[in-house]
Amino acid sequence: MAVFAYIVVMNLLSCMLVFFLKRNKIRNPKQRAKLPPGSMGWPYIGETLQLYSQNPNDFFSSKQKRYGEIFKTHILGCPCVMLASPEAARFVLVTQAHLFKPTYPKSKELMIGPSALFFHQGDYHSQLRKLVKSSLSPDSIRNHVPHIESVVLSTLDSLDGCGVVNTFHEMKKFSFDIGIVSIFGDQLNEYYRKELKKNYAILDKGYNSFPTNIPGTSYRNAVLARKRLNEILSEIITARKEKKLMGKDLLGSLMNSRDENGQALTDNQIADNIIGVLFAAQDTTASMLTWTLKFLHDDPKLLEAVKAEQKAIYETNDKGIQPLTWTQTRNMVLTYKVILESLRMASIISFTFREAVTDVEYKGYRIPKGWKVKPLFRNIQHNPDFFSDPQKFDPSRFEVAPKPNTFMPFGTGVHACPGNELAKLEILIFIYHLVNRYRPKLTAKKNLTIQDDSRLLFKNMNMWEVVGSHSGIQYAPFPVPQHGLPAKFQKE
């Protein structure tokens, strides 16, 4: 009996020893690393309610103050690791980008189109990014200056004397029209232009709605509009093929593209990428432009200086009779710095979405496979270690280039926005015509802030006035001034 008991005990001890040895063998250093500090909130809902019951930027900033530059949370149904340092952003988006894939909700992917380049990695993404980036590079968009100028003038004409308008909504219309120019050049007839605009507006309205396919809902209407957009784009592509007019615009580049096996893109792939470009171009650019106008309007002395810079170019062009040139847009030095500072202050892209494709260790913390990873651009761009007095609007800070990976308004790495130069160009041209055509009503009320010899800059001009409170932010889904910055553009 004693022998039997001895055997049982020894077998039990052997099993325990094997168990502990296997456990230690399986747990490699990555698995032994701990999760970042933070709170996962309530079961299922996590901290989503806390996020959306306040300014999201305040939520993330308070988390960073409490836990540091790497912390975990649970929002929008997903466990997340938030990263608020330049080094971490570079790790996820550049040096170890292969460990993290872009991720979007399925409903969003359906709306834009599953073949759009920003849903992909690898060879397909590289091929498409090269095409889009080439079509939107400075060498290509310099030829768009006359077209953009025409759209700017048409937009300002439409705003004259029509009462209070939502600036953001008007800038969305403007940026959509520029997107059409960049994709189709001057080859799109008016019928297709109107059909694209009408159906894209329905798609845009339902994009952020609750994804339910019930007839009559915004989401259902958006799904139907997306199908109609595919049909319209297919007709445009077919017409170009029949006429053998591929063109040098983005559509032409997509149609002419061949992969290493000589395979062309399908019509659906082309359509998805056109919708993707329109989506990327519209809301972000409209938000950028709206914020730039607000910051200029709120600083009369800065507006005076920008006006003087633009007035000099205007006079060179025979008081606006001659068209603006690409070279002249490169000489708008102060205006360009205003745009950069507007991008930093507003931080329209507050963070980006990635998903770990495997367990990853970073600075002693484990990021589990499947967790969402979000570099916090806004936290970095508002960090006083990188930008002194970060809540102050100060374009002069861009007289010196920011430290690497501290200023990423368009993202960074292989998924950085390829259309950033086009966005800045259209804002430069819009401001040129706005300040040469209108004077802000705020300036008229605060003449003491304007030097006497500079008042002539605003003489005999139409009026531009921001209406109501100038403070507050709303999300649609990108941050915009409260109520879209209500404004009047009046003839005098």
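F91 is buried, with a relative accessibility of 16%. The cut-off for buried is under 20%. This comes from a predicted model. Y362 is buried too, at 9% relative accessibility.

The model holds 18 aromatic pairs. F91 and Y362 form one of them, and this pair is tilted. The ring centres lie 4.6 Å apart, with 40 degrees between the planes. F91 belongs to helix α5, which covers residues 86-95. Y362 belongs to strand β6, residues 360-362. The pair therefore ties together parts that are 271 residues apart in sequence.

## Y104 and F119

At 13% relative accessibility, F119 is buried. The rings of Y104 and F119 have their centres 5.0 Å apart. Their planes stand at 80 degrees, so this pair is edge-to-face. The cut-off for that label is over 60 degrees.

Both residues sit in loops. Y104 is in the loop between β3 (100-102) and α6 (106-112). F119 is in the loop between α6 and α7 (122-135). The pair ties together parts 15 residues apart in sequence. Y104 is partly exposed, at a relative accessible area of 30%.

Four phenylalanines form one aromatic cluster: F59, F60, F351 and F353.

Charged side chains also meet ring faces. K108 lies over the face of Y207, 4.6 Å from the ring centre. R344 lies over the face of F387, at 5.3 Å from the ring centre.

## Where α14 meets α17

Two packed helices are described by the angle between their axes and the distance between the axes. Helix α14 spans residues 267-297, and helix α17 spans residues 333-346. They pack at an angle of about 105 degrees. Their axes are 9 Å apart. Angles of 65 to 115 degrees count as roughly perpendicular, so α14 and α17 are roughly perpendicular to each other.

Which residues of α14 and α17 make the contact? From α14 come M288, W291, T292, F295 and L296. From α17 come V338, I339, S342, L343, M345 and A346. Nine residues of this contact are nonpolar and two are polar. No charged residue takes part in the contact of α14 with α17.

Methods: Residues numbered from 1 in each chain as written. Predicted model: local features only at pLDDT ≥ 70, side-chain atom pairs only at ≥ 80, totals over all residues. Heavy atoms only, no water. Phe/Tyr/Trp six-rings, centres within 6.5 Å; stacked < 30°, edge-to-face > 60°. Helix = DSSP H or I, 4+ residues; strand = E, 2+ residues; numbered from the N terminus. Buried < 20%, exposed > 50% of the residue type's maximum accessible area, 1.4 Å probe, protein only. Lys NZ or Arg CZ within 6 Å of the ring centre and 35° of its normal. Axes fitted to C-alpha atoms, helices over the stretch in contact; angles between N-to-C directions. Parallel < 35°, antiparallel > 145°, perpendicular 65-115°, else oblique. Contact = heavy atoms within 4.5 Å. Nonpolar A, V, L, I, M, F, W, Y, C, P; charged D, E, K, R; others polar.
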